[in-house]
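These are my notebook entries on one protein chain. I set down what I looked up, entry by entry.

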Amino acid sequence: MIKVSRLGKTYGKAGAAVDAVRDLTFAVDPGEIIGLLGPNGAGKTTAMRMLTTLLPPTSGTAVVAGHDLLADPVGVRRRIGYVAQSGATGYGRPLGEELADQAMLYGMSRREALLRAGEVMELLGIADLAPRAGETLSGGQRRRFDLAFGLLHRPSALFLDEPSLGLDPGTRAELWHLVRELREDHGVTVVLSTHYLDEADALCDRLLIVDRGTLVADGSPGELKSRVPGGTATLDEVFRWLTGRKAPKEEPQPKALV
């Protein structure tokens with residue numbers, strides 16, 4: 001589904017250049033849920049923006065969903081969905097209408113767009129929120145609409161940049177369930193970046209640990225834990241062992257109401 005070879009991004013000119021991503025190489029099989037894990041500034045978002053054609057790479061190559069990243073960026077965009085940290089949920093207009101308008105930009109007729117918007121909202125459990133505008137929704141509801149925008153054109157691969165950032169524990173658990181459903185029921189390949197170690201452990205088939213722009217580890221959560229001497233380890237211990245640095249700092253989460 002995704003093949004990345006020595007992908008890199010450098011900012012600045014010679015003498016003052018900064019390598020945000022260096023020689024990134026990995027592959028993702030169809031139907032996998034892959035987690036990009038690393039501290040702030042590690043290069044996760046830069047890598048994701050390159051793979052979604054939003055940022056041109058300085059070096060390297062990649063094939064995403066069967067299309068060459070450099071030679072056929074339009075083909076890549078037709079096959080992928082992308083949900084950014086800041087989200088896509090609009091304000092001031094009914095979100096059902098926003099979804100239908102977005103679907104028409106993918107070439108659907110008005111009738112097809114309305115049908116597809118309804119299907120996606122039903123899938124994500126937000127059909128009853130179609131008449132409402134973004135500013136009237138909770139954070140979790142807006143995040144579901146963000147996913148809806150990313151799924152309108154039936155992508156084969158979905159990129160999620162910090163999908164559960166700022167969500168309460170209950171809403172995060174609902175989001176995890178939706179991501180699993182997308183893979184299990186619809187065959188969607190998912191690549192997500194996260195700071196949450198529990199999210200990475202519970203949700204991802206494999207983890208790509210990135211530090212200072214470089215891939216330092218690739219494996220399932222269980223495999224990575226087994227690399228730490230002394231038996232069972234947490235992902236926090238794995239991160240420290242592999243990078244010599246502290247694990248990403250997790251935001252304090254509000255307690256779920258019982």
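Which residue in β2 is the bridge partner of threonine 10? I found that it is aspartate 19. I record the basis of these notes before going further. The model is predicted, so I note that local features need pLDDT of at least 70 and side-chain atom pairs count only at pLDDT 80 or more, while totals for chains, interfaces and linings use all residues. Residues are numbered from 1 along each chain as its sequence is written, and side-chain values use heavy atoms, with hydrogens and water left out.

**Entry: the open sheet**

I looked up the strands around this bridge. Strand β1 (residues 2–11) and β2 pair in the antiparallel sense over 7 bridges; two strands pair if DSSP finds at least two bridges between them. Helices (H or I, at least four residues) and strands (E, at least two) are DSSP runs, numbered from the N terminus. The pair belongs to an open sheet of 4 strands with antiparallel pairing, in the order β2-β1-β4-β5. At its edges I noted β2 (18–28) and β5 (67–68), each with a single partner strand, so one side of each has no neighbour in the sheet.

**Entry: the chain overall**

I counted 9 helices and 10 strands in the protein chain. Its radius of gyration is 19 Å, close to the 18 Å that the globule rule gives for 258 residues, so the chain is as compact as a globular protein of that length. The radius is taken over C-alpha atoms, and the rule is 2.2 Å times the number of residues to the power 0.38. Along the principal axes, the C-alpha atoms fill a box of roughly 55 × 50 × 35 Å. Buried residues make up 48% of the 258 residues; buried means under 20% relative accessible area, exposed over 50%, and partly exposed in between (1.4 Å probe, protein chains only). Among contacts (heavy atoms within 4.5 Å) with a separation of 6 or more, 67% come from residues 24 or more positions apart.

**Entry: strand β9**

Is strand β9 enclosed or open? I found 6 of the 6 residues of β9 (residues 206–211) buried, so the strand is largely enclosed by the rest of the structure. Arg206, Leu208 and Val210 cover one side, and Leu207, Ile209 and Asp211 the other. I then looked up the neighbours of β9. Strand β3 (residues 33–37) runs parallel to β9 and is joined to it by 4 bridges, with glycine 35 opposite leucine 207. Strand β10 (residues 214–219) pairs with β9 in the antiparallel sense over 5 bridges. Threonine 214 in β10 is the bridge partner of aspartate 211. The hairpin of β9 and β10 has 2 residues between the strands, and arginine 212 takes a positive phi near 55° there.

**Entry: helix α6**

I checked the length of helix α6 (residues 169–186). Its 18 residues should span 26 Å at 1.5 Å a residue, and the end C-alpha atoms are 25 Å apart, which agrees; the expected span is 1.5 Å times one less than the number of residues. Thr171, Arg172, Leu175, Trp176, Leu178, Val179 and Leu182 are buried in α6. They cover an arc of only 160° around the axis, which puts them on the same side of α6; the arc is that of the directions from the helix axis to the C-beta atoms. Glu184 and Asp185, on the other side, are exposed.

The buried residues of α6 pack against several elements, including β3, α4 (110–123) and α7 (197–203). Arginine 172 has a relative accessible area of 6%, and its side chain makes a polar contact with the side chain of aspartate 198 (3.0 Å). A polar contact is a pair of N or O atoms within 3.5 Å; within protein, one must be able to donate a hydrogen and the other to accept it, and residues adjacent in sequence count only if both atoms are side-chain atoms. At the N-terminal end, aspartate 168 caps α6, with a side-chain oxygen 3.0 Å from the backbone nitrogen of glycine 170. Just after the helix, glycine 187 takes a positive phi of about 70°.

**Entry: two single residues**

Serine 156 lies in the loop between α5 and β7, and it touches Gly187, among others. Glycine 81 lies in strand β6 (residues 80–83) and is buried at 2% relative accessibility. Its C-alpha atom is 4.6 Å from that of leucine 158, 77 residues apart along the chain.

How values were computed
Lists of a residue's contacts leave out its neighbours within four places in sequence.
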